[in-house]
Each structure stands twice: as C-alpha cells, then as structure tokens.
Amino acid sequence: MIDTLDEDLCTGCNICFNICPCDVFRPLPDQRLVEIVYRDDCQTCFACELDCPEDAISVGPLRKPRVQAW
Amino acid sequence: MSIPRIETDLLIVGTGFAGLWAAISAREAGVERVALVDKASIAMSSQSRLCAGATIYCLPEDDAEVWLRDIVEANGFLSRQPLVEEILKTSGARLRKLEEWGVRYPQSAEGGYLRIPSRGFRHAKMMVMPRYRDRVGGSAVADAVRRRAIRGGVSRHPRLLISDLLQRDGRVVGALALDRTTAEPRLFAARAVLLATADCSFRGNYVCTDGTTGDGFQLAYDQGVRLSNMEFLCTNTGSPHFGFEGTGVALKWGGRLLNAQHESFMENYHPDANAAEIHELVQAMAREVRAGKGPPFYVEMGESWKSRIGPALAGIGGFMPINLAKLEAEGIDLAKAQEWVPAVQTLRGGVRIGPEGQSDLPGLFAAGMTEALDPGLFNGWSTMRAMGSGERSGRGAAAYLRDAGPALPRDDEVAGLVHRATFALSRSGSTTLHTDEVIARMHRAIFRPEVSILKSTEGLKKALADIEDLRIAALPELVVEDAHALVKLHETHSMLLSAEMFLRASLARCESRGSHFRDEYPETNNDDWLSWVNLRRSSEGRMEVESEKIPLDDYPIQPIQPQSELQSKPRVDGAHR
C-alpha cells in the first residue's frame with residue numbers, strides 16, 4: 001500500500017494523480033503538491049512510485065487484508 | 001441543466017491494448033472523429049500497462065491450424081473459432097507494426113525471436129520482455145501503441161466514467177459520462193460506441209486488478225445485448241499479504257503447494273502435479289479443505305527461488321521487479337513457505353459478438369476482455385486477444401459508420417439519466433454504509449469454495465440471494481460523500497451485476513468444463529453442453545438465460561477424441577484415496 005509522499009520533493013506535476021488506476025491522489029495546485037486522499041483504495045501496483053520523476057513516492061509491498069475464500 | 005457535449009463518430013471506452021488498437025484501426029479505416037475515454041488516464045492506467053506483456057504471436061513458420069487446435073482445445077471448444085483464427089493469422093502483421101513503432105522483443109542465442117511455451121498450450125508459444133525506450137513489459141508495448149494512437153489523431157477524455165449508453169431508434173447514439181473529480185456529467189453524442197473496459201475481477205484478492213469492475217458488462221447488459229461465458233470465473237492463487245504474479249511459473253519450476261500439514265498434495269489430484277492448470281490447483285486446494293487438510297495453504301519455492309524463479313520474475317517487467325525488491329527488503333523470503341490462498345482473478349465472459357466485433361445492438365461494439373471470445377486464461381493469450389480483437393472491432397466499427405446516421409441523443413432521456421447517475425450524491429441517508437462494506441459482503445457471498453471453486457447448486461443459489469439482497473437493499477442506501485465515492489458506487493453496481501451474471505450462468509451450465517466445476521455435474525458433457533450460456537436483460541428487466549449451440553459443424557476444429565480424453569480432468573476422488 002502507498003506509504004509516503006515526500007512534500008519536499010513533490011513538484012505538483014500531477015503524474016501520479018493522472019496515472020493512478022485507483023484514483024488515490026488529489027492535486028493541490030495552490031501549493032504545487034499532490035495529496036494522498038484515498039489511501040485505502042491503493043492496489044499496490046507501484047505505478048506512481050515508478051513514474052514519479054522526483055522519487056517523492058514510496059509504496060510498501062504489503063496490502064490491506066481482503067476477504068478470503070476461507 | 002446544460003451538459004457539456006462532445007460530438008464524435010466513434011467513442012472508445014477504455015484505453016488498454018484493445019481500445020488503443022481499435023482507435024488505430026478505426027482511424028486507418030477512415031473514421032474521422034475517434035474519442036478515447038477512460039475512467040483513469042488515457043492509456044497510462046490500464047491492465048495492459050501493468051502486465052508483463054507476454055504475448056503469443058503466430059509467425060509465418062508456425063502452423064496456424066495446429067495453434068488454433070491448441071487454443072480451442074484448451075478453451076474446452078467454447079472458442080469463437082473464426083475470430084480466434086483471424087487473431088492468430090493477423091498476429092504476425094501486428095508484431096511487424098509494433099516493431100516499426102519501436103517495440104523490441106528479445107532474440108534467442110541461435111538467432112530469431114526468443115519464444116517460450118505458454119502454460120496450457122502444447123504448441124502456441126509466446127514472446128516475453130518487450131522493450132520500448134527505457135521500459136520493459138506491458139508498459140513498453142502500451143506506451144508505443146498509445147503514441148501511435150495519439151499520432152493517428154484522436155480526442156482524449158481522461159477521468160470520465162461512462163455511466164450509461166444512449167440508444168435511439170434501435171441503435172447506439174452516445175454515452176453519458178461522469179467526471180471522476182467533480183461528478184459533473186458529460187454527454188458524448190457518438191455514432192458508434194466500442195467497449196474495451198477489460199473484465200471483472202471483483203476488486204478481490206488478485207493483484208493489480210482493482211480497476212476491472214465489469215463496467216463494460218453493465219453498460220452492454222443495460223442495453224439488452226447478450227453476454228456469454230459468464231460462468232467462467234478464473235480463480236488463481238496468491239498471497240493474502242502481498243501481490244505476486246507468476247505462481248504458475250514458480251510451480252512449474254520447482255515450487256510446491258503445501259497443505260496445513262506442510263505436505264505436498266497436487267500429485268494426488270493431477271498427473272501434472274504442481275504444473276497443472278490454475279483451476280486444477282485451486283480445485284485441489286478446495287478438496288483438501290473438505291478433507292480437513294487446510295487452510296492454511298502454503299507455497300514453497302525452495303532452491304529454485306534464488307536460482308531460477310526470482311531472477312526470471314525480476315526481469316519480466318510490469319510491477320513484479322519493484323515488488324520483489326521491496327518484499328526482500330521487508331524480509332519476506334519466497335524460498336520459504338508463504339501462506340497462499342485462492343485469488344479470484346477474472347470473469348472471462350463478455351459481450352457476445354459477431355465477426356466484426358458487433359454486439360446485438362447496432363452501433364455497439366466490444367473488444368479485448370469485454371468481448372466473449374473464449375473462456376480460458378492463458379499466459380500471452382489475453383494480450384494477443386486484446387490487441388487482435390481491438391484491431392478487428394475498430395475496423396468493424398469503421399465499416400458500420402460508413403452507413404450509420406447521425407447521433408442525436410434525446411435530451412429528456414439524458415436529463416433523466418444524469419439524475420439517476422448522480423442521485424446518490426444528494427441523498428441524505430440515515431445509514432453509514434460505505435461501498436467498501438458492500439464490496440466485502442459481495443466477496444463473502446461469492447469468494448467461497450462452494451460458489452466459485454467447486455460450485456454446488458445450493459452454494460450458488462445462496463450466493464445469488466445474497467447478491468440480489470445487496471443490489472436491492474444495500475446499494476440504494478450507500479453513503480456517497482464525493483465524486484470518488486460516486487464512481488466507486490457505479491463500479492460496485494457493475495460488480496454486483498457481474499456477480500449475478502456469474503451465478504446465473506453457473507447455475508445454467510450443468511456440467512464441468514475448464515474453470516467451471518459443478519459438484520453435482522463433475523464430468524464434461526459434450527453431448528449436451530457444446531453450447532454457450534447467454535444472458536440478457538429482458539424488456540421487463542429480468543435476467544434471461546439461454547443456451548446457444550456452438551456451430552461446430554461450420555468451424556475448422558471439432559472434438560475428435562473420445563469425450564473422456566478431451567481434457568485432462570481432476571480425479572474427483574483424489575482427496576479420499
């Protein structure tokens with residue numbers, strides 16, 4: 001699941017906001033930042049971390065527990 | 001209320017491989033205005049971009065007939081054979097195009113392409129690790145195809161969820177969209193619509209499939225068109241704690257599934273043991289549960305993790321390389337036994353299509369995983385299917401558009417649909433029920449061994465009652481505080497409908513075939529069930545089920561072996577021997 005977004009490194013380019021398949025982010029244009037708003041919807045695909053040009057995002061490998069078949 | 005309106009000839013919903021290839025071929029076939037719409041970004045958030053990009057290509061030196069038999073047999077003879085054949089035969093040309101656009105596939109040491117067997121097929125081979133610029137995997141191919149589609153001239157509309165299609169005089173004339181940030185409506189007046197929204201994974205335990213929520217299934221169903229193969233839900237396996245793709249490869253290369261007693265058990269169920277097909281693994285796990293030997297289950301990759309499996313998965317592209325690095329940093333050692341569970345991956349049904357990708361409704365087309373082509377899940381085949389079907393359906397839509405009239409959606413209908421699609425936002429509910437809770441209840445209803453693995457009539461009927469209850473009682477009560485939640489509400493609605501289709505189709509098919517296993521009907525019955533199960537919404541709003549005989553006499557490949565040899569089937573008594 002997404003862990004941190006480093007506000008010192010973030011430039012508000014909105015790449016993560018745009019590419020996130022699960023709509024986890026919201027832009028904060030006035031502050032030239034992006035904010036993690038819907039953290040629980042992260043699917044741990046690492047797309048934001050991989051594509052962040054500033055290396056501002058860190059995604060952890062463990063996911064939120066989900067309902068199992070048993 | 002005035003709704004912003006976008007006029008186009010062809011609206012393509014979804015921008016993975018299928019939607020992008022459809023855009024390219026429609027433009028090449030002369031369609032003037034092509035609009036791409038996606039609930040996330042255009043071509044940057046799709047399953048295609050997240051996958052490893054392994055793709056089957058049938059080259060001139062391959063025997064297409066033999067490959068076709070391979071694929072048709074592996075799909076239990078439910079394939080739409082002429083369409084599969086066309087995708088196979090045109091795949092070499094698509095490969096050449098991709099190479100012209102800059103995609104590179106690895107070459108073997110002996111020269112020629114590096115091609116590897118695909119699990120489930122005897123002959124058809126796939127190519128892996130495509131590269132484009134600095135990317136490797138599905139994102140490499142997706143980026144190249146995206147670039148090409150955009151250069152061909154298309155309008156792009158990201159972050160819009162299509163909530164409804166619009167019909168007039170018996171044909172499709174557009175779609176209503178909701179902005180994912182603001183919930184503002186947008187009207188597409190489109191002379192044709194092509195659905196390429198992937199499949200439905202029910203936001204379950206499989207990795208990186210949360211975006212596939214059956215959106216296209218619902219859009220098509222609401223218009224009364226037929227869908228097929230909805231009984232085929234592929235349940236894969238995975239870790240309950242982290243994402244992992246490639247269990248199939250791992251189990252073929254020395255990994256083992258273990259039961260609660262840490263005993264290897266697959267050899268009791270299938271001659272291929274741990275290398276058996278995905279559905280055989282999951283069915284065997286469910287039988288171990290019945291025998292009291294699980295849960296929990298484990299996967300242990302042992303020595304081959306470091307020597308073979310890990311290095312291979314770290315190089316394939318997609319999300320796995322970074323995922324593996326992070327797991328290692330977290331101290332998770334895949335050589336050792338890790339808890340493993342069934343993970344619902346994909347509902348393999350889709351819109352029943354004709355030879356040009358057309359649905360029952362004039363002007364409505366489908367492609368990729370949104371169309372019903374065949375019910376199996378095989379490495380490299382989904383990718384090839386997506387690209388080939390997109391190319392074909394884009395061309396089909398172009399042919400339709402040559403004679404199609406203008407798109408004139410009725411304003412009164414649009415206003416009504418906008419109200420319905422956004423009503424939940426203005427509702428002041430007395431409950432605090434959120435979509436996540438409804439999704440969890442849906443999971444508890446269908447992610448059960450007797451519902452999605454070893455299906456029993458009783459289990460399916462109980463699940464159907466639970467799902468209907470969620471749709472009728474829970475969905476209208478949901479609290480929706482913003483546009484993000486509104487989109488999730490629509491996705492949940494689509495998933496519940498997909499679940500109902502899965503359950504009704506599963507009840508209808510009274511035999512076992514591929515991933516569809518019915519406890520009361522454990523045998524494959526070719527005398528009665530070389531048929532598709534079709535579903536549609538009746539004019540009274542009921543879900544109608546019909547079976548349609550497959551026109552095998554007109555198809556190139558027929559079942560020639562005795563019925564008992566058609567498929568390698570699990571020994572149903574395995575757990576009790």
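How many residues of chain A are in contact with chain B? In this predicted model, local features need pLDDT of at least 70 and side-chain atom pairs count only at pLDDT 80 or more, while totals for chains, interfaces and linings use all residues. Residues are numbered from 1 along each chain as its sequence is written, and chains are lettered from A and ligands numbered from 1 in the order in which they are written.

The count for chain A is 23 residues, in contact with 34 residues of chain B; two residues are in contact if their C-beta atoms, placed from the backbone, lie within 7 Å. On the chain A side, the elements that give two or more residues are helix H1 (15-19) and helix H2 (47-51). Helices (H or I, at least four residues) and strands (E, at least two) are DSSP runs, numbered from the N terminus.

Chain B has an open sheet of three strands in the order E3-E5-E4, with antiparallel pairing; strands pair if DSSP finds at least two bridges between them. Strand E3 (55-56) and strand E4 (116-117) of chain B are the edge strands, each pairing on one side only. Two bridges join E3(B) to strand E5 (residues 125-127) of chain B, and B:Ile56 stands opposite B:Met126 in E5(B).

Chain B is also divided into domain 1 (5-231 + 347-401) and domain 2 (233-344), with bounds from an automatic or database domain assignment. Their centres, taken over C-alpha atoms, are separated by 29 Å. Between them, 23 residues of domain 1 of chain B are in contact with 21 residues of domain 2 of chain B. Helix H5 (residues 138-151) of chain B gives the most to the domain 1 side, with three residues.
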